[in-house]
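Colleague: I am new to this structure and would like to learn how to read its features. Could we take them one at a time?

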Amino acid sequence: MEVAFFEVQDWERELIAQSPLAGRAELHDGCLDDERARRAAGCDVVSVFVYCPVTARAMDEMPGLKLIATRSTGTDHIDIEAARRRGIAVCNVPEYGANTVAEHTFGLILALSRKIFIAYHRARGLNFELAGLQGFDLKEKTLGVVGAGAIGLHVIRIGRALSMEVLAYDVKESAILAEVLGFRYAPLEQVLRESDVISLHAPLAPATRHLINRESLARTKRGALVINTARGELIDTEALVEALDSGQVGGAGLDVFEGEAAVKEESVLLRSGGEPPSELRPLRSLLARDNVIITPHMSFYSREALRRILDTTIENILAFERGAPQNLVTR
């Protein structure tokens, strides 16, 4: 089977060249746009990363396409229904970095709770005053985890290790996990109302888009921290800005944010001080705040996790070729 990889990094080229796919995999730096889809028309398999939309139109340009292997857990960048209608299988990498993303989550929490990034910038300017740097302990605070899947459960483990109380909201509950890890399931409203730190780990779906909005933020514990290492569209950015303005939210740590792909495309404009598109203006407001930390969707970005992603993707492709597909998200 012929395979085409898109959004390929240099380190991936080296590993693919050493894999069983060597010699029969096309490697492309860019995304799967219509033109590249036409050039990959003869391929049976395409592999993309999370920033690469796979549209129905792109699928139509590849009439022999049998498998879309995304190098991510999330699949919201793929038109799943279009793939189903065309009989194209889709597989993902379900658990490449539960610990990796969870560790980054707590990096954001600790940086906010102890004002580490403010202190860092001060110290670089030879300012060692403590005024304004008082933080708070995580011990005995309540951590609210929205989405208690593989990543959320690892966040819970770390929170419990720091002697935090943990409330979790998930559509599927496991009494055994709650007992073993020492947390409690609760309705979303209770999680928001009682948590000092709210960490999002839910998938993006129509039901979860803007899960955190004006109404839900109004119900949060005043001064709570909001952390998002899942998907940017879980939060209504304008509502978050308003909640930060009013003090309803005490700070935010965002590894993802609405319009993330557009930000990447407009990065030169933003750096040069040009006027960003209107949908990105709330981001400018967030970037200007001392109580907000934004990182460039890097919570997955450890050397170990990246290797697991690529290894699993290659094995997904080989398993599909053997007639024993794995990690399917379509049936």
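**Reading the rings, helices and cavities**

Modeller: Let us start with one side chain, Phe 49: its relative accessible area is 16%, so Phe 49 is buried. The cut-off for buried is under 20%. Keep in mind that this is a predicted model.

Colleague: How many aromatic pairs are there in the structure?

Modeller: There are four aromatic pairs. In one of them, the ring centres of Phe 49 and Phe 300 lie 5.4 Å apart with the planes at 50°, so this pair is tilted. A pair counts as edge-to-face when the planes are over 60 degrees apart and as stacked when they are under 30.

Colleague: Where in the chain do Phe 49 and Phe 300 sit?

Modeller: They join distant parts of the chain, being 251 residues apart. Phe 49 is in the loop between β3 and α3 (56–60), while Phe 300 is in the loop between β12 (292–294) and α15.

Colleague: Is Phe 300 buried or exposed?

Modeller: Phe 300 counts as buried, because its relative accessibility is 8%. Phe 300 also pairs with Tyr 301: the ring centres are 5.7 Å apart and the planes stand at 70°, so that pair is edge-to-face. Tyr 301 has a relative accessible area of 53%, so Tyr 301 is exposed. Ring pairs connect Phe 49, Tyr 51, Phe 300 and Tyr 301 as a cluster.

Colleague: What do the buried residues of α15 pack against?

Modeller: They pack against β1 (3–5), α1 (10–17), β3 (45–48), β4 (67–70), β5 (89–91) and α5. The buried residues include Ala 305, Leu 306, Ile 309 and Leu 310. Just after the helix, Gly 323 has a positive phi of about 85°.

Colleague: Which residues of α7 are buried?

Modeller: They are Gly 152, Leu 153, Val 155, Ile 156, Ile 158 and Gly 159. Their cover includes α5 (98–113), β6 (142–146), β7 (165–169) and α8 (175–181). As for length, α7 (residues 150–161) has 12 residues and should span 16 Å at 1.5 Å a residue; its end C-alpha atoms are 17 Å apart, which agrees. Just after α7, Ser 163 has a positive phi of about 65°.

Colleague: Which residues does Arg 289 touch?

Modeller: Leaving aside residues up to four places away in sequence, Arg 289 touches Val 241, Leu 244 and Asp 245. Arg 289 is found in the loop between α14 (281–287) and β12. Its relative accessibility is 18%, so Arg 289 counts as buried.

Colleague: Last, the cavities. How many are there of 30 Å³ or more?

Modeller: The count is two cavities of 30 Å³ or more. The largest cavity has a volume of about 40 Å³. Its lining includes Asn 228, Thr 237, Phe 257 and Glu 258. By class, that lining has six nonpolar, three polar and one charged residues.

Note on methods:
Residues numbered from 1 in each chain as written. Predicted model: local features only at pLDDT ≥ 70, side-chain atom pairs only at ≥ 80, totals over all residues. Heavy atoms only, no water. 1 Å grid on protein atoms, 1.4 Å probe; cavity = no way out; pocket = protein on both sides within 12 Å on 5 of 7 lines; lining within 4 Å. Points joined across faces, edges and corners; volume = space filled by probe spheres on them. Nonpolar A, V, L, I, M, F, W, Y, C, P; charged D, E, K, R; others polar. Helix = DSSP H or I, 4+ residues; strand = E, 2+ residues; numbered from the N terminus. Expected span 1.5 Å × (residues − 1). Buried < 20%, exposed > 50% of the residue type's maximum accessible area, 1.4 Å probe, protein only. Contact = heavy atoms within 4.5 Å. Phe/Tyr/Trp six-rings, centres within 6.5 Å; stacked < 30°, edge-to-face > 60°.
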